[in-house]
Amino acid sequence: MSKILINWTDTYSIGYSEIDNQHKKLVEMINVLYNAFSQGAVENVIRDILDEMIKYTDYHFKNEEKYFEKYAYSDAQEHIKQHEEFVLKVTDFYQEYNRGSETLTYDIMHFLRDWLLEHIKDSDRKYSSEFQEKSIVEL
């Protein structure tokens with residue numbers, strides 16, 4: 001039986017299907033990693049999942065940032081800074097793991113979960129609200 005760390009619900013939706021679908025993909029990656037970890041099979045998948053997560057996160061962040069520029073988002077710099085800090089943290093973990101000095105722990109799984117969900121509910125909602133105030137219906 002598969003274990004999941006995050007149950008996607010509409011409470012995480014920011015109201016733009018393109019971004020919501022990307023968030024769902026990130027949730028799915030975290031859940032795959034968590035399931036493998038919970039079943040003791042993480043060594044078989046961790047490098048591939050983390051590599052995919054780093055690449056997909058980069059794609060997702062660049063996509064959001066494209067809209068920040070296009071629609072002149074007022075808090076873009078702070079939001080981009082959060083993206084950069086997350087990428088650095090995950091990249092550092094990945095590099096440490098590849099050197100054999102880091103192991104996957106529940107703390108890391110919870111960091112991924114907590115950061116993503118808090119980022120969606122706080123930071124992403126801010127730009128979503130601003131875009132909606134500007135009558136931007138679809139990205």
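Sorted by class, the lining of the largest cavity comes out as eight nonpolar, four polar and one charged residues. Here Ala, Val, Leu, Ile, Met, Phe, Trp, Tyr, Cys and Pro count as nonpolar, Asp, Glu, Lys and Arg as charged, and the others, Gly among them, as polar. The model is a predicted one, where local features need pLDDT of at least 70 and side-chain atom pairs count only at pLDDT 80 or more, while totals for chains, interfaces and linings use all residues. Residues are numbered from 1 along each chain as its sequence is written, and side-chain values use heavy atoms, with hydrogens and water left out.

The structure holds two cavities of 30 Å³ or more. A cavity is a set of points, on a 1 Å grid over the protein atoms alone, where a 1.4 Å probe fits but cannot get out; lining residues have an atom within 4 Å of a point. Points are joined across faces, edges and corners, and a volume is the space filled by probe spheres set on them.

The largest cavity takes up about 90 Å³. Of its 13 lining residues, Leu-26, Thr-57, Phe-86, Trp-115 and Leu-116 lie nearest the centre. Helix 4 (106-133) gives at least two lining residues, as do helix 1 (17-38) and helix 2 (42-70); helices are DSSP runs (H or I, at least four residues), numbered from the N terminus. Helix 4 has the largest share, with five residues.

The second largest cavity has a volume of about 40 Å³. Around it sit Met-53, Ile-54, Thr-57, Phe-86, Val-87 and Val-90. Helix 2 and helix 3 (76-98) are the elements giving two or more residues to this lining, which has five nonpolar, one polar and no charged residues.

Key:
1 Å grid on protein atoms, 1.4 Å probe; cavity = no way out; pocket = protein on both sides within 12 Å on 5 of 7 lines; lining within 4 Å.
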